[in-house]
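I set out to record what I looked up in this structure, entry by entry.

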Amino acid sequence: MTSYDPSRRRLLRGVGAAAVGAPLAGWLAACSETDPETGQVEPDEGDSDIPGVLGRGASQGYLTVAIFNEPPYTKLEPDGTVTGAEPDVLRAVLQKLGVEDIRGERVEYESMIPALQAGRVDVIAAGLFMKQSRCAEVLYSEPVIVSTESFAVPPGNPKDITTVQDVLDNPDLRIAVLPGGFEQGILQEAGVPDGQQVIVRDNVTGVESIGAGRADAFFLPTLSLEGLAEDNDDFEITDVIEDAPKTGSGAAFEQSETDAVSMYNDELAKFKNSQEFADIMDKWGFDPEAVEGVTSEELCANEG
Ligand code: 6CS
């Protein structure tokens, strides 16, 4: 349960139930009374808590979200607006819960969970793919997207790299990966020696490492590589890597936010059946039906 914070409730009371979304207002109404003279929402003594991060977001008008800036999963526009498949879904669902907007904070994948745990960000919506070690440290919403992994390789794929097993079988192969990324974890889980990894700090450096001969392949989600190929034709993209685990993600909250995530999931479940959700997925190149029936429990079983 979230810990009660009277100061936050006073803040929210200042906003008044009318200013928060219906579900949160409903939550307030169920847990409080409105003073007929002031119109202020007066919580009942001992009522259950307002879902922490949602109450904070409703009162301050936004939540800060960790992103990497890797279209189509996340994108930071020049004016600072954060978009991409996951932030767009997060913003839409939060608005239905009374949180007006989100503000993006660019964070390295390996630093996203520490940033959440330190309170530097309120939520992660970055395509941070679910796997056991991550699911043990954060509280994911139900998944929003499922996607696939590929290799970026030199034209013609001269070393015929198409599977993780190919990398394991040829110790001379060097594979570029992002530090702390899901793909690095796949290589580690497969037993690929660290010496075969080429650590790159961002996606452009990743694809450039191929042209520069520093790596034989760059390991990244298929859709992300397709986005990079729009600006760089020095590489080609392999078919989906068949022996890579199924990837999927949703918003990640602090583990203590059980009430907030429960409320978020209820709203997300409705949203995933809406045309608005399908439009967001279509805009960013995801199949809105691919996530049907996929659960965070299933994806959190991914090893690593
Ligand atoms: O979850 C991850 O770590 C991976 N997710 C994306 C969207 N891109 C690369 C990253 O390694």
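**Entry 1. Largest pocket.** I began with the lining of the largest pocket, where helix H10 (residues 222-229) gives the largest share, five residues. I note that the model is a predicted one. I then looked up the volume and found about 240 Å³ of space in this pocket. The lining has 14 residues, and I listed Pro71, Pro72, Gly227, Leu228 and Glu230 as the closest to the centre of the pocket.

Entry 2. I placed proline 72 in the loop between strand E3 (62-67) and strand E4 (75-76). Asparagine 69 also lies in the loop between E3 and E4. I recorded a positive phi of about 80° for asparagine 69, although this residue is not a glycine. I kept both entries because most residues other than glycine have a negative phi and most peptide bonds are trans.

**Entry 3. Second largest pocket.** For the second largest pocket I noted about 160 Å³ of space. I found its lining to include Ala269, Lys272, Asn273, Phe277 and Ala278, and also Pro288, Glu289, Val291, Glu292 and Gly293. By class, I counted five nonpolar, two polar and three charged residues in the lining of the second largest pocket.

**Entry 4. Cavities.** The search gave me two cavities of 30 Å³ or more. I noted a volume of about 100 Å³ for the largest cavity. Its lining consists of 14 residues, with Tyr109, Gly127, Phe129, Phe182 and Glu183 nearest the centre. I asked which elements each supply at least two residues of this lining, and found helix H8 (182-190) and strand E13 (217-221). In the lining of the largest cavity I recorded nine nonpolar, two polar and three charged residues.

**Entry 5. H4 against H11.** I then looked up how helix H4 (residues 85-96) packs on helix H11 (residues 258-271): their axes come within 9 Å and cross at roughly 115°. H4 and H11 are therefore roughly perpendicular to each other. I recorded the crossing of H4 past H11 as right-handed. On the H4 side I listed Val89, Leu90, Ala92, Val93, Leu94 and Lys96 in the contact, and on the H11 side Tyr264, Glu267, Leu268 and Phe271. The contact of H4 with H11 has eight nonpolar residues, no polar ones and two charged ones.

**Entry 6. H4 against H12.** Finally I examined H4 with helix H12 (residues 275-284), and found an angle of about 160° with the axes 9 Å apart. I classed H4 as roughly antiparallel to H12, because that angle is over 145 degrees. H4 passes H12 in a right-handed crossing. In this contact, I listed Ala85, Asp88, Val89, Ala92 and Lys96 from H4, facing Glu276, Phe277, Ile280, Met281, Lys283 and Trp284 from H12. I counted seven nonpolar, no polar and four charged residues in the contact of H4 with H12.

Key
Residues are numbered from 1 along each chain as its sequence is written. This is a predicted model: local features need pLDDT of at least 70, side-chain atom pairs count only at pLDDT 80 or more; totals for chains, interfaces and linings use all residues. Side-chain values use heavy atoms; hydrogens and water are left out. Axes are lines fitted to C-alpha atoms, for helices over the stretch in contact, and angles run from 0 to 180 degrees between N-to-C directions. Helices (H or I, at least four residues) and strands (E, at least two) are DSSP runs, numbered from the N terminus. Angles under 35 degrees count as roughly parallel, over 145 as roughly antiparallel, 65 to 115 as roughly perpendicular and the rest as oblique. A crossing is left-handed if the near helix is turned anticlockwise from the far one by less than a right angle, and right-handed if clockwise. Contact means heavy atoms within 4.5 Å. Ala, Val, Leu, Ile, Met, Phe, Trp, Tyr, Cys and Pro count as nonpolar, Asp, Glu, Lys and Arg as charged, and the others, Gly among them, as polar. On a 1 Å grid over the protein atoms alone, a cavity is a set of points where a 1.4 Å probe fits but cannot get out, and a pocket is an open set with protein on both sides within 12 Å along at least five of seven lines; lining residues have an atom within 4 Å of a point. Grid points are joined across faces, edges and corners, and a volume is the space filled by probe spheres set on the points.
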